[in-house]
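Biologist: I have a model open and some words I would like to understand. Could you take me through what each label rests on?

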Amino acid sequence: MIQQQIDDVRAGRSTMLLLPEYGLSELTEVPEEIRDLTALRSLHVRSARIETLPSWLSELPNLEEIDISQAGLQALPSFLPGVRWCVDPEQIFSFGSQLDRSKIFGISITKQTPQPAIEHTFDLGRNHELELSEFTVATAITFNANPEILKSQWPFFDIINSHLDEFLEACQGLRKLELFGFPTGRIPEPIRQLPALTALYLTAVWPASIPDWLFEELRLKRLTLGFNGLSHLPDSLSEARRLEYLNLGYNQFRRIPNVVWKLAALETLVLSGCPIDKIPADILRLERLSTLDLDQFGDGVPKELVVPPPEITAQGLDAIKRYWAQERDAGVDYLAEAKLLIVGESGAGKTSLAKKILDPDYELDAAEDSTEGIDVLAWQFPASIRVRDQAGRENMLQRDFRVNVWDFGGQEIYHSTHQFFLTKRSVYVLVTDERKEDTDFEYWLDIVNLLSDGSPLLIVRNRKQKRQHGADFGTLRQRYPNLCGILELDLADNSGLDAAVTRIRRELEQLPHIGTALPKTWRAVRLALEAEFRNYISAAEFFEICEANGFADRDDMRQLGAYLHDLGICLFFQDDALLSKTVILKPDWGTTAVYRVLDDPEVGHALGVFTLADLRRIWSDATYEPMRDELLQLMIKFQLCFQVPASDTYIAPQLLTPSQPAYHWDDTDNLTLRYEYDVMPKGIVRRLIVALHYQIPPDAPLWRTGAVFEYEGSTAEVIEVYRRRLLTIRIRGGDPRVLLGLIDHELGIIHRSYPGIKVKKFLPCDCETCAASTEPTTFEVGELKEFADAGAGIQCRRSRELRDPLALLRLLSPDALDRRTGVLGTGPTAPAPREEPVQPEVFVSYKWGGDSEALVDEIQQRLTARGVLITRDKNEVAYRDSIQQFMQRIGTGKCIVMILSKAYLESRNCMYELTQIAGHPEFARRVYPVVIGDAGIFDPRTQLRYIKYWENKRAELDAEMKEVGQEHLEGIREELDLYEDIRNTISRIMNVLRDMNTLTPEKHRGTDFEQLYTQLAAALQV
Ligand SMILES: Nc1nc2c(ncn2[C@@H]2O[C@H](COP(=O)(O)OP(=O)(O)OP(=O)(O)O)[C@@H](O)[C@H]2O)c(=O)[nH]1
Ligand SMILES: [Mg+2]
């Protein structure tokens, strides 16, 4: 992403760089590559961990603006005198007089911004001390964000909301305004009076209405209205003639509002997450449109979208435009073709049923061979299909309905290939033999549920005699919502057959894609291919056939190829270097070839190990011989086998020995993780073996349901327990997170091939009781993330101890929280939550002298003896190092032991330190308070006394100020602000501290500081 931006600036396409993209704020320094970007005008390091800016930035002649809000910058550089800054309100405080206010072009408030800083900013606005061109109020949101919950996450929502209008009125120069995740429920009226505003981003704001003045009076170029629950737009939008970028994502639009087609200047349209069912031919009217974003956050194109067919839509805007252009030029035809998949246990009668569907007079054959792999039969019948013309009117048309009947071999060996052939938008028939105990019944229901994406499923009970057994429809339907009926028949005498076929036909005719309009040229090619008797043709021949049938453009031909592949009509892997040269016209020819290898007795005998010589033998027929390379590639593509590196040997993991071999595993210091599946597809580990075979050392244990991998000094054991629907991982040695990351990534890819899959990850508890147990308490990773987000501990169900969720998550990934799943970054125009620079230090904050200091000496001595190093001001603040800097450093520290006494709470320096600490996120998680008796913080009256104390201090100073001349006031105003700050935060701090588990010094001494030690040690380990 960053590289793309750099290239754009270098090529003169842009003058701006957004370094921390989409909330991934891992950047710790400004990359050296941008040093020669002389065209760079605007640099954003918002939310990055960058602490200093490099001095070479001053050599960039055109650099005018830098956004450093929420970045870890400690001081403002003096070598950029001409640059203007976008900052957060806290930075206005911390940079003090370093930051000339006329140099601030932008301000960005987040939910972490402390109240005094917010109020200070609004004061500056009110007093016209700011000349802002950009203003942002933003926080990260989740997909299912709702206004109430979001609002409750803003500690100072009302303050911001009540000052917002007045502030906007005072900022007449605003060019860009962003409210992201700030549910104010309105579009603030003063926006109307902002003459320079061209970019307005209102995401998750939930305005009650969209006022007409927004389009009639403003001159917007960029507008975002995402996550606002909108279902229509006012006609006045057509007035927004300059609009180039419109983001309507994650709203309730079922149709793209017609007024959108009038926006002639539009270049980018975002519609992700809206339940729209159609992108109409009107899209051709937006001639300048170059980006249509249907999948903004990578969570998929809207599933309701069926016109054009999803296979087209998935290829992007050009494909959609071509589709409509072709239809306009060639006229339309309507789709009347579908796939029927017959599954079930071996011997249940699938092949017999398939043949009887085609011909009821077919005689059962007692010597019917068990099906190898898959057989595909063509079935055709006349039908009325429902079609919609371009104006949206419904019609019924008479058509020959074509069905490809896929008859699957039921034997266990074929199960692992199901994920490639059980497609969506098909009808499924599960055949059961009622005379037998069907052990695989649930497997079939589950796998169809996982893979078919809601396609209808019929159960056919074959050889139904008088006996009544098996679950009834109602019960099954609750678990399998796509089950739409149970049919009973007996193939021996055709009883029930007619009714069953009628029902199957009805389900086929009612599939949602039936009746979809397709360009006529497509159908012509489809028919020409079908007339072809060969099993496969070259890609060049395919293109020739397309040309002969009216196609001119190669891209159109490729698009049709992808469509035919997705419908299961042919196999055409266009993204594979070798396979893209061939179109397999008869998919079952390809699959049969593949299964020949898996069914080969010699390969079976060798437990799945085979060589190229074996393949020459197995594929010696004239039909396979010239295609051996492609067929082997097909097997690899299906993750059925892998090549042993640097050899001509291959291994098919599904033929490996079924039982776990004996080997030694040292189970000390293991990182263990468990995946639990609602429904577990078979063969997950086999696919993982193929995907990660480079990480399997030559003599490592390897069997059908498990393997041992090695990488960078770590060893991982992965075992699948199908019956218990789980997968366990144990890793030891090295930094286990690296290998785990690798495995987790591959599993993610495998899981994504099952649309309906539900998996949860569990980590074992790290308390002492659990560590010693073979059945530790486990925590679900999603739950740990929720607890970590809330800054709360999570309780072990065995030891009842509170554990730190973040420490557990860091076992998985060093920056577990930075990659929160389901939390959206706020995009390039908004900040991500601030992240702390990690400092593996334990600070201690205390009042010098007396009891406190003695206690600190004792703590330091005890903890140092046990390996925990304490940093305290006396030995840390070197000559000329300002105490203030040290205090700010404490504020961002990881662990802070706080010795609270009355003297502390009444000391200006200590309280400054405390406000620094409390102003940073996750305050509660980072402090370890020890309360000295006289602090009295548990008593509300004492709390009030502290508040009064600081109010008085401020009043005194204020009175003194009035007596001296303005010229002597430098610094005193800041002091005044500090007292105000202390007074405002003191009750908040008290509340947090009261809820925390604090100990008195006596209790600590009694246990030799054991509790403090364990907590600190745990926090530091990560
Ligand atoms: N008597 C009787 N025999 C049947 C019936 N249905 C199937 N058969 C016989 O049972 C045997 C197995 O049937 P198939 O249709 O080949 O079973 P399949 O489900 O295709 O089995 P695989 O291909 O191994 O998965 C064949 O010999 C059929 O003739 C039935 O309703 N009554
Ligand atoms: Mg069969």
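Modeller: Gladly! Let's begin with what a helix is here: a DSSP run of H or I with at least four residues, numbered from the N terminus. L612 is placed in one of these, helix α19 (residues 612-618). Please keep in mind that this is a predicted model.

Biologist: What makes L612 count as partly exposed?

Modeller: Buried means under 20% relative accessible area and exposed means over 50%. L612 has 30% relative accessibility, so it falls in between and counts as partly exposed. As for its neighbours, L612 touches L632, D648 and Y650, leaving aside residues up to four places away in sequence. From L612 to R628 there are 16 residues in sequence, and 9.5 Å in space from C-alpha to C-alpha.

Biologist: And how does the whole protein look?

Modeller: The protein has 35 helices and 40 strands. Of its 1022 residues, 53% count as buried. Among contacts with a separation of 6 or more, 62% are between residues 24 or more positions apart.

Biologist: Why is α17 called roughly perpendicular to α20?

Modeller: Helix α17 (residues 587-599) and helix α20 (residues 628-637) pack at an angle of about 80°, and their axes are 10 Å apart. Angles of 65 to 115 degrees count as roughly perpendicular, so α17 and α20 get that name. From α17, the contact uses W589, G590, A593, V594, V597 and L598, and from α20 it uses L631, L634 and M635. By class, these are 8 nonpolar residues, 1 polar and no charged.

Biologist: Which residue in that contact is the polar one?

Modeller: Gly is counted among the polar residues, so G590 of α17 is the polar one.

Biologist: Why is α24 called oblique to α25?

Modeller: Here the angle is about 130°, between helix α24 (residues 781-790) and helix α25 (residues 805-812), with axes 9 Å apart. Roughly perpendicular ends at 115 degrees and roughly antiparallel begins over 145, so α24 is oblique to α25. The contact brings together V781, L784, K785, F787 and A788 of α24 with P805, L806, L808, L809 and L812 of α25. It has 9 nonpolar residues, no polar ones and 1 charged. The crossing of α24 past α25 is left-handed.

Biologist: What makes helix α21 largely enclosed?

Modeller: In α21 (residues 684-691), 7 of the 8 residues are buried, so the rest of the structure largely encloses the helix. The buried ones are I684, V685, R686, R687, L688, I689 and V690.

Biologist: How is α21 placed against α22?

Modeller: α21 and helix α22 (residues 736-752) pack at about 120°, with axes 10 Å apart. The crossing of α21 past α22 is right-handed. I684, R687, L688 and A691 of α21 meet I743, E746, L747, I750 and H751 of α22. This contact has 6 nonpolar residues, 1 polar and 2 charged.

Biologist: Why might residues three or four places apart point the same way?

Modeller: An α-helix has 3.6 residues a turn, so residues with that spacing point the same way.

Biologist: How do you know that T351 and T371 coordinate the magnesium ion?

Modeller: A donor has to be an N, O or S atom within 2.8 Å of this metal. The OG1 atoms of T351 and T371 coordinate the magnesium ion (ligand 2) at 1.9 to 2.0 Å, so they meet that cut-off. T351 lies in helix α9 (residues 350-358) and T371 in the loop between α9 and β16 (374-388), so the pair is 20 residues apart and links distant parts of the chain. T351 and T371 are both buried.

Biologist: What makes Q70 and Y250 buried?

Modeller: The cut-off is under 20%. Q70 has a relative accessible area of 3%, so it is buried, and Y250 at 12% counts as buried too. Q70 sits in the loop between β3 (65-67) and β4 (84-87), and Y250 in the loop between β11 (245-247) and β12 (268-270). Phi is positive in Q70, near 55°, though this residue is not glycine. Y250 is not a glycine either, and has a positive phi of about 55°.

Notes: Residues are numbered from 1 along each chain as its sequence is written. Chains are lettered from A and ligands numbered from 1 in the order in which they are written. This is a predicted model: local features need pLDDT of at least 70, side-chain atom pairs count only at pLDDT 80 or more; totals for chains, interfaces and linings use all residues. Side-chain values use heavy atoms; hydrogens and water are left out. Axes are lines fitted to C-alpha atoms, for helices over the stretch in contact, and angles run from 0 to 180 degrees between N-to-C directions. Helices (H or I, at least four residues) and strands (E, at least two) are DSSP runs, numbered from the N terminus. Angles under 35 degrees count as roughly parallel, over 145 as roughly antiparallel, 65 to 115 as roughly perpendicular and the rest as oblique. A crossing is left-handed if the near helix is turned anticlockwise from the far one by less than a right angle, and right-handed if clockwise. Contact means heavy atoms within 4.5 Å. Donors are N, O and S atoms within 2.8 Å of the metal (3.2 Å for Na, K and Ca); water is not among the atoms, so sites may look incomplete. Buried means under 20% relative accessible area, exposed over 50%, partly exposed in between (1.4 Å probe, protein chains only).
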